[in-house]
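I opened this one to see how its pieces pack together. Below are my notes, in the order I looked things up.

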Amino acid sequence: ALPFSSACSFAFKSPSTGLIVMIGFHFLTGFGLIITNFILTSIDSTQDVNDSLQGIYMLFPAYNLGKGFFVLSTRNAYKTLGVNEGSLFSFNDLIRGNSLAGPIVFLLLEAAVGVLATIALQKAEALTAAYDSAKAALLSALRPKPSQTADIEGGLGV
């Protein structure tokens, strides 16, 4: 979630506003999507819809973190009850599987994309600042100085 938040920070002028917006976003996508997933899974008529939404859920880092915690907690509950739920790191179905492999793989991919996006945005910002600085220096060099303006006006008899 950190690389994603870092990339999103470029959209805000005030750090405090960006922080509040990102906290709200991560809370809604993490907690909200976990609850949505749980409710849609619990209702027989909506299980197919929930299965089709799993790929979209996995695009949100906070959801993957929440799903990882949910998988760990349910695994622990099943273990306490003596029920075997299979491998904790099964790579059979990364999106719909009930293992930690999916959330971990998606978090790693999202981190890589977030880092690359942050680097690209920083480079773009640096290039924009350099362009603006060069433009201001060029315009300043081309603008006549006040002493030159007085000489021109004096020479014309104005």
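Predicted model: local features only at pLDDT ≥ 70, side-chain atom pairs only at ≥ 80, totals over all residues.

**Overall layout**

I counted six helices and zero strands in the protein chain. Read from the N terminus, the order is α-α-α-α-α-α. Of the 158 residues, 23% are buried. The chain exposes about 10,900 Å², and carbon and sulfur atoms supply 70% of that. I then checked contacts with a separation of 6 or more: residues 24 or more positions apart account for 54% of them.

**Helix α5**

**Helix α2**

I ran the span check on α2 too: 28 residues should give 40 Å, and the end C-alpha atoms are 40 Å apart, which agrees. Gly18, Met22, His26, Thr29, Gly30, Leu33, Ile34, Asn37 and Leu40 are buried here. The cover over them includes α1, α3 (47-57) and α4.

**The core**

Which residues make up the largest nonpolar core? I found seven: Leu33, Ile34, Leu40, Tyr57, Met58, Tyr63 and Phe106. Helix α2 (residues 15-42) gives the largest share of this core, three residues. I looked up the neighbours of isoleucine 34 as well; leaving out residues up to four places away in sequence, Ile34 touches Tyr63, Gly66 and Lys67.

**Aromatic rings**

My search of the whole structure turned up five aromatic pairs. One I looked at is phenylalanine 27 with phenylalanine 31: the ring centres are 5.5 Å apart and the planes sit at 20°, so I logged the pair as stacked. The two are four residues apart in helix α2, which means about one helical turn separates them. Is phenylalanine 27 buried or exposed? Its relative accessible area is 52%, so phenylalanine 27 counts as exposed. I also noted that ring pairs link Phe4, Phe25 and Phe60 into a cluster.

**Helix α4**

I listed Pro61, Ala62, Tyr63, Asn64, Lys67, Gly68, Val71, Thr74 and Arg75 as buried in α4. The elements covering them include α1, α2, α3 and α5. After α4 comes glycine 82, and its phi is positive, near 85°.

Then I picked out threonine 74, which sits in helix α4. Its relative accessibility is 17%, so threonine 74 counts as buried. What does its side chain have 3.1 Å from a polar atom? I found the backbone oxygen of valine 71 there.

Terms used
Residues numbered from 1 in each chain as written. Heavy atoms only, no water. Buried < 20%, exposed > 50% of the residue type's maximum accessible area, 1.4 Å probe, protein only. Contact = heavy atoms within 4.5 Å. Areas by Shrake-Rupley, 256 points an atom, 1.4 Å probe, with all protein chains shown as cover. Core = buried A, V, L, I, M, F, W, Y, C linked by side-chain atoms within 4.5 Å. Phe/Tyr/Trp six-rings, centres within 6.5 Å; stacked < 30°, edge-to-face > 60°. Expected span 1.5 Å × (residues − 1). Polar contact = N/O pair within 3.5 Å; in protein donor to acceptor, adjacent residues only side chain to side chain.
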